[in-house]
Amino acid sequence: MKASKKFLAAAALLAAAMSAQAATFVTPYGVLNNFGGFDWTSSSSVLVKGYDIQAVTSGNIAGKQDVIDVYYNSFATAILDANGGTFSTPNLVKGTGAAGYEITVKAHFQEVVTCVDPLCNFVTITPLNGTWNIYLDTSADANLVSQSGFGDGVNILSGVFTGGQTVFTQQAAVNPGTGTTLASIQGSTTSTNNAFITPNLAGTSVSSTLSFGPKGAANGPNGTWVQPTSWQGSGIGGAGNGVPATGGNQKNFIGQADASQSFFFSVPEPTSLALTGFALLGLGLTARRRKQA
């Protein structure tokens with residue numbers, strides 16, 4: 001887990017540390033006591049749709065708004081305890097083609113982007129709401145390149161995203177911009193499958209680093225990620241399983257996401273996660289550029 005993501009995850013865990021309860025996760029290969037969450041693979045992708053805000057050179061578009069849709073698929077590379085440590089799980093599959101079981105997640109949320117100044121050189125990004133579902137599958141088939149196999153298996157946890165902090169940031173004239181930044185989002189756990197996890201969980205927090213650009217790169221901003229060649233259920237292309245075009249100014253685009261997710265027995269208050277910040281940054285940013293690997 002990257003240092004920045006460790007910091008966000010630790011802050012989220014600290015916010016819920018007052019709970020004395022402990023969860024138990026029954027996997028196909030043993031029982032994990034004091035369960036706390038999942039570390040999702042750093043090679044995951046995020047699909048952004050409908051980002052129609054750009055900086056302009058003349059006029060006045062202050063107050064212009066756009067609601068964007070964000071989609072995220074991933075599989076777990078580690079199961080975390082409530083203190084942020086990692087369980088020993090030799091049968092956890094970290095990609096297709098191995099015997100054991102995989103843990104996958106499918107998430108979707110919306111944010112509203114608002115131009116702050118007349119030329120829209122700066123925007124605010126405010127979280128709205130969304131949903132997430134986590135699955136346990138004994139037939140590992142999650143594929144990061146085709147973006148398929150993330151929504152099958154047994155649904156073990158489900159919930160909603162409920163919002164977070166508004167972020168003020170720079171906006172570029174072309175989307176997506178190039179950069180890496182931090183993001184966090186909180187919500188509630190609405191369904192706990194007690195055949196696998198007990199007792200019922202109540203809150204959740206997702207912390208991640210997000211990277212976009214350079215446009216058209218095959219291996220992503222930091223050299224560890226491969227752009228998907230399709231995206232099951234994207235609604236893009238004739239069959240609805242395509243990926244956005246690259247180059248030029250795009251309303252739909254894909255980036256890299258490296259995330260971890262923590263669970264609590266109470267729903268985190270927005271102020272309790274103030275240090276982590278919140279929003280999907282790096283969409284049209286020119287700031288916080290990162291050197292290429």
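Student: What stands opposite glycine 37?
Tutor: Serine 262, in strand β12. This is a predicted model, and in it β2, residues 30-40, pairs with β12 in the antiparallel sense over three bridges.

Student: And how many bridges join β3 to β12?
Tutor: Five, and the two strands run antiparallel. β3 covers residues 44-49. Valine 46 stands opposite glycine 255 of β12.

Student: How many for β11 and β12?
Tutor: Nine bridges, again with an antiparallel run. β11 spans residues 203-212.

Student: Which residue is the bridge partner of threonine 204 in β12?
Tutor: Phenylalanine 263.

Student: Which residues of β12 are buried on each side?
Tutor: On one side, Phe253, Gly255, Ala257, Ala259, Gln261 and Phe263 are buried.

Student: Changing topic. Where is serine 74 found?
Tutor: In strand β4, which covers residues 65-81.

Student: Is serine 74 buried or exposed, and why?
Tutor: Buried, because its relative accessibility is 0% and the cut-off for buried is under 20%.

Student: What does its side chain reach?
Tutor: The side chain of serine 74 reaches the backbone nitrogen of threonine 41, at 3.4 Å.

Student: Which residues is serine 74 in contact with, leaving aside neighbours within four places in sequence?
Tutor: Trp40, Thr41, Ser44, Ile103, Thr104, Val105 and Phe150.

How values were computed
Residues numbered from 1 in each chain as written. Predicted model: local features only at pLDDT ≥ 70, side-chain atom pairs only at ≥ 80, totals over all residues. Heavy atoms only, no water. Buried < 20%, exposed > 50% of the residue type's maximum accessible area, 1.4 Å probe, protein only. Helix = DSSP H or I, 4+ residues; strand = E, 2+ residues; numbered from the N terminus. Pairing = 2+ DSSP bridges. Polar contact = N/O pair within 3.5 Å; in protein donor to acceptor, adjacent residues only side chain to side chain. Contact = heavy atoms within 4.5 Å.
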